[in-house]
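Work through the exercises below with the sequence and the 3D structure at hand. Try each task before reading its solution.

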Amino acid sequence: MEEYILYHEIGKGHTTATFKGRKSNTLDYLALLQTDKNYAKQAAVRYAAAQLVSSPHVCKVDLHCDTGQEIWLVAELCTGISLRTVVKADGHLTGGNLKQLDSA
């Protein structure tokens, strides 16, 4: 994780914290998701699931890194609205919407 520069926390969950950052010598911003070592299994499942999905509607997770005390996932930084916001606005996602996400 030494090659990444962290800027600030952009989100916090029950078991995770998400930071805005970038890889050294690049201009592309990334989301760096930090998980406590106690939740390593959940982080591994999240990483494996992200590797199986190939869709322009889903953030790509590029790296799974164990630093000893923490697990880090490095992903694209999506600056748009969240899926939760879309679902709240639309009320629900239909089966057709889900198939469209899956096939994209």
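**Exercise 1.** Find which residues form a nonpolar patch on the surface, and classify Val58 as buried, partly exposed or exposed.

Solution. In this predicted model, the patch consists of Leu52, Val53 and Val58. Together these residues have about 280 Å² of accessible area. Next, locate Val58: it lies in the loop between helix 1 (40–52) and strand 4 (61–66). Its relative accessible area is 32%. Buried means under 20% and exposed means over 50%, with partly exposed in between. Val58 is therefore partly exposed.

**Exercise 2.** Give the order of the strands in the open sheet and state how they pair. Then explain why one side of strand 1 and one side of strand 4 have no neighbour in the sheet.

Solution. The sheet has 5 strands in the order 1-2-3-5-4, and the pairing is antiparallel. Strand 1 (4–12) and strand 4 are at the edges, where each has a single partner strand, so one side of each lacks a neighbour in the sheet. On average, neighbouring strands are turned by 25° against each other, direction ignored.

Strand 3 (residues 29–36) and strand 5 (residues 70–76) run antiparallel and are joined by 7 bridges. Within this pair, Leu33 stands opposite Leu73 in strand 5.

**Exercise 3.** State which strands helix 1 touches, and what angle its direction makes with that of strand 4.

Solution. Helix 1 packs on the sheet and touches strand 2 (16–23), strand 3, strand 4 and strand 5. The direction of helix 1 makes about 155° with that of strand 4.

**Exercise 4.** Which side chains meet in a salt bridge, and where in the chain are they?

Solution. A search of the whole structure finds 1 salt bridge. The side chains of Lys37 and Asp66 form it, at 2.5 Å from N to O. This pair links distant parts of the chain, 29 residues apart: Lys37 is in the loop between strand 3 and helix 1, and Asp66 is in strand 4. Last, check the accessibility of each residue. Lys37 has 34% relative accessibility and counts as partly exposed; Asp66, at 44%, also counts as partly exposed.

**Exercise 5.** Count the helices and strands of the chain and write down the order of its elements.

Solution. The chain has 3 helices and 5 strands. From the N terminus on, the elements run β-β-β-α-β-β-α-α. Of the 104 residues of the chain, 22% count as buried.

Conventions. Residues are numbered from 1 along each chain as its sequence is written. This is a predicted model: local features need pLDDT of at least 70, side-chain atom pairs count only at pLDDT 80 or more; totals for chains, interfaces and linings use all residues. Side-chain values use heavy atoms; hydrogens and water are left out. Patches are made of residues with over 30% relative accessible area and no salt bridge: like charges are joined within 9 Å, nonpolar side chains (Val, Leu, Ile, Met, Phe, Trp, Tyr) within 5 Å. Accessible areas come from the Shrake-Rupley method with a 1.4 Å probe; for residues, only the protein chains shown count as cover. A salt bridge is a side-chain nitrogen of Lys or Arg within 4 Å of a carboxyl oxygen of Asp or Glu. Helices (H or I, at least four residues) and strands (E, at least two) are DSSP runs, numbered from the N terminus. Buried means under 20% relative accessible area, exposed over 50%, partly exposed in between (1.4 Å probe, protein chains only). Two strands pair if DSSP finds at least two bridges between them. Axes are lines fitted to C-alpha atoms, for helices over the stretch in contact, and angles run from 0 to 180 degrees between N-to-C directions. Contact means heavy atoms within 4.5 Å.
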